[in-house]
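Biologist: I would like to learn how to read a structure like this one. Could we go through it feature by feature?

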Amino acid sequence: QNDLGTDIEKVLVTEAQIKHRLMELASDIDRDYHDREILLVGVLKGAVMVMADLARALHNPVRMDWMAVSSYGSGTKSSGVVRILKDLDTDLKDQHVLIVEDIIDSGLTLSWLLSNLRSRGAASVEVCTLLRKPEALKVDLDVRYVGFDVPNEFVIGYGLDYAEKYRNVPFVATLAPHVYR
Ligand code: PRP
Ligand code: MN
Ligand code: MG
């Protein structure tokens with residue numbers, strides 16, 4: 001059986017809340033970048049949904065590019081050692097880069113990404129994330145645009161996966177214990 005209803009434990013952020021918050025963030029971004037062109041950089045695969053909806057909520061035209069990175073190391077948790085699986089097609093020199101993420105967990109992926117992208121000569125690099133887990137953060141990060149802070153629990157939906165599944169769920173939720181068995 002493949003039934004979302006029994007897999008979900010608790011909805012943490014509803015579809016309407018996400019939509020409303022992304023509209024707010026988009027209007028902040030429009031205001032902050034009114035005199036600059038933005039290059040949105042989505043981090044595959046989790047950021048796909050946020051990127052699609054945030055980009056369409058922005059008033060002015062932007063460029064969009066994608067990166068795929070993988071954290072590797074001993075554990076299953078992010079190690080901070082990051083490998084580029086797919087690099088950008090765009091030269092970042094003098095670009096105003098806005099990294100788009102679904103979630104900042106330990107912050108190690110993003111911390112690496114920030115210094116990597118900054119070293120390419122971008123004029124500015126900022127971050128927009130739908131979710132952040134303040135209790136899981138291991139590094140000091142300056143994140144300009146945050147949708148929601150969530151508790152330190154495993155969450156899925158709106159791009160976030162468990163074993164590559166549930167990315168299509170239109171809200172953010174925790175999973176019932178039986179799913180992990
Ligand atoms: C997840 C998430 C963030 C990152 C956050 O990606 O989408 O990119 O982990 O973790 P951190 O703050 O602890 O570094 P994941 O590596 O699972 O790849 P995915 O986006 O393809 O699911
Ligand atoms: Mn990701
Ligand atoms: Mg993942």
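This is a predicted model: local features need pLDDT of at least 70, side-chain atom pairs count only at pLDDT 80 or more; totals for chains, interfaces and linings use all residues.

Biologist: Where is Gly147 placed, and is Gly147 buried or exposed?

Modeller: Gly147 sits in strand β7, residues 145–149. Gly147 is buried, because 24 other C-beta atoms lie within 10 Å and the cut-off for burial is 20 or more. Distance along the chain is a separate matter: Arg132 is 15 residues from Gly147 in sequence, and their C-alpha atoms are separated by 7.8 Å.

Biologist: What about Trp112?

Modeller: Trp112 belongs to helix α4. With 20 other C-beta atoms within 10 Å, Trp112 is buried. Not counting residues up to four places away in sequence, Trp112 touches Gly80 and Val82.

Biologist: How do I read the nonpolar core, and which residues touch the most other members?

Modeller: The largest nonpolar core has 41 residues, and Leu98, Ile99, Val100 and Cys128 touch the most other members. At least two residues each come from α2 (15–32), β2 (38–44), α3 (48–57), β5 (96–104), α4 (108–118), β6 (124–132), β8 (155–156) and β9 (172–175). The largest share, six residues, is supplied by β5. As for Leu98, its contacts are Ile38, Leu40, Val41, Glu126 and Cys128, again not counting residues up to four places away in sequence.

Biologist: Which residues of α3 are buried, and what covers them?

Modeller: For a helix, list the buried residues and then look at what lies against them. In α3, Met49, Val50, Met51 and Leu54 are buried. The cover over the buried residues of α3 includes α2, β2, β3, β5 and β6.

Biologist: How are strands joined in a sheet?

Modeller: Strands of a sheet pair through backbone hydrogen bonds, either parallel or antiparallel. Here three strands form an open sheet in the order β1-β9-β8, with antiparallel pairing. At the edges are β1 (8–13) and β8, each of which pairs on one side only. Between β8 and β9 there are two bridges, in the antiparallel sense. Val155 has Thr174 in β9 as its bridge partner.

Biologist: How many bridges join β3 and β4?

Modeller: Strand β3, residues 63–71, and β4 pair over four bridges, also in the antiparallel sense. Ser70 stands opposite Arg83 in β4. Of the five residues of β4, residues 82–86, the number buried is zero, so β4 lies largely in the open.

Biologist: How should I read the protein as a whole?

Modeller: Start with the elements and their order. The protein has five helices and nine strands, and along the sequence they follow the pattern α-β-α-β-α-β-β-β-α-β-β-β-β-α. The radius of gyration is 16 Å, close to the 16 Å that the globule rule gives for 181 residues, so the protein is as compact as a globular protein of that length. Its C-alpha trace spans about 50 × 40 × 30 Å along the principal axes.

Biologist: What share of the residues count as buried, and what share of the contacts join residues 24 or more positions apart?

Modeller: Of the 181 residues, 30% count as buried. Among contacts with a separation of 6 or more, 65% are between residues 24 or more positions apart.

Methods:
Residues are numbered from 1 along each chain as its sequence is written. Chains are lettered from A and ligands numbered from 1 in the order in which they are written. A nonpolar core is a set of buried Ala, Val, Leu, Ile, Met, Phe, Trp, Tyr and Cys residues joined through C-beta atoms within 7 Å. A residue is buried if 20 or more other C-beta atoms lie within 10 Å of its own, exposed if 12 or fewer, and partly exposed in between; C-beta atoms are placed from the backbone. Two residues are in contact if their C-beta atoms, placed from the backbone, lie within 7 Å. Two strands pair if DSSP finds at least two bridges between them. The radius of gyration is taken over C-alpha atoms; the globule rule is 2.2 Å times the number of residues to the power 0.38.
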